[in-house]
Amino acid sequence: MRYSDAGVDIARADQIKQRIRRLAGRTFSRAVLTDIGGFGALFALDHKRFREPVLVASADGVGTKLKIAFAMGVHSTVGGDIVNHCVNDILTQGAEPLFFLDYLAMGRLVPEVAEQVLEGISRACKQAGCALIGGETAEMPDFYAPGEYDLAGFIVGVVERSRILDGKRAVRPGDVLIGLPSTGLHTNGYSLARKLVFEIAKLKPDTYVHELHNKIGGELLQPHRCYWPMLKNIVRKGWLSAMAHITGGGITGNLPRVLPRSARANVDLTSWPVPAVFRYLAGLGKISAEEMLRTFNMGIGMILVVPPANVKKVEEELKRRREKFHRIGKIETGTPRVAYSGRLGL
């Protein structure tokens, strides 16, 4: 017998690795000291740029959004999603991305699918100025259903020690909350969304939904937005007290993570337009506003906590970049939680 008789095709894996080498090479900078294929990857930190560099690391997965990608046969978007999610996570501590590694596992390696995923990863890394320096592509027979795979990402960034964003120390009553729009669900709430759409409404991925002006599968595959390009100047100039990436748990669960013990966030639910996809999902399941707010981002993907003296500067920078934003509330004295006012536009 051969290894291929057990379902592992080394020749096919080598073919994919050659494609990965080409895609990853597009993201390399002079700081990358090794090519794809070694046992480890080398990255040289530029000590001339930092007096006290602090490395910031994070890992995440795409989750059940992958099920939509499988059904639609579209795989490059989820590749970009995992990069952007990880970049946003370390951005909340003021870090700029340095390098990224991926983990892609399939029951049977399909070169065309793997290349789509890696092309999305490579493109997102390039846009974020982040080097794709390595990863793992695994063939695991009998572990995944045919046509399915798992995808995870690992990122390392850097921030000057004096520039670390630590909301628990910096946030004060009177700080202003500025919300940056999301592009749909990003990578959270898909277990509930899939149940609503495919089990309760019994739609197919290619069903056109008039309320959304889109096929439901395409709407659910909207990319997870990367906020680094629009915020890097704001972060480097030290204009923020904190940032919260609105992922699983929504505003309700994520904003308190950057609040000190003596502060609460007051969020005005009437201060931004709720995207149609969330209104549609809420209608399918007759879901309460409270449940929606702790499950989905509701159209706000990142929240900036800004000292009053810096609000004008932050807003002018966002306008200069033609980015939309909303003043969604303020920090008040209290316990670290979110207090909502107004009525959510469902």
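Predicted model: local features only at pLDDT ≥ 70, side-chain atom pairs only at ≥ 80, totals over all residues.
Reader: What makes strand 5 and strand 11 a pair?
Author: Two strands pair if there are at least two bridges between them. Four bridges join strand 5 (residues 176-181) to strand 11, so by the cut-off of at least two they are a pair. The two run antiparallel.

Reader: Which elements does helix 12 touch where it packs on the sheet?
Author: Helix 12 (residues 311-320) touches strand 5, strand 10 and strand 11. Its direction makes about 10 degrees with that of strand 5.

Reader: Where is Glu332?
Author: Glu332 lies in strand 11, which covers residues 326-333.

Reader: Why is Glu332 called partly exposed?
Author: Buried means under 20% relative accessible area and exposed means over 50%. Glu332 has 27% relative accessibility, which falls in between, so Glu332 counts as partly exposed.

Reader: What makes the link between the side chains of Glu332 and Asn266 a polar contact?
Author: A polar contact needs a pair of N or O atoms within 3.5 Å, one able to donate a hydrogen and the other to accept it. The side chains of Glu332 and Asn266 make such a contact at 3.2 Å, so the distance is within the 3.5 Å cut-off.

Reader: Which other residues is Glu332 in contact with, leaving aside neighbours within four places in sequence?
Author: Besides Asn266, Glu332 is in contact with Pro173, Ser262, Ala263 and Arg264.

Reader: How many strands form the open sheet, and in what order?
Author: Six strands form the sheet, in the order 8-10-5-11-9-12, with mixed pairing. The edge strands are strand 8 (242-245) and strand 12 (338-341), because each pairs on one side only.

Note on methods
Residues numbered from 1 in each chain as written. Heavy atoms only, no water. Buried < 20%, exposed > 50% of the residue type's maximum accessible area, 1.4 Å probe, protein only. Contact = heavy atoms within 4.5 Å. Axes fitted to C-alpha atoms, helices over the stretch in contact; angles between N-to-C directions.
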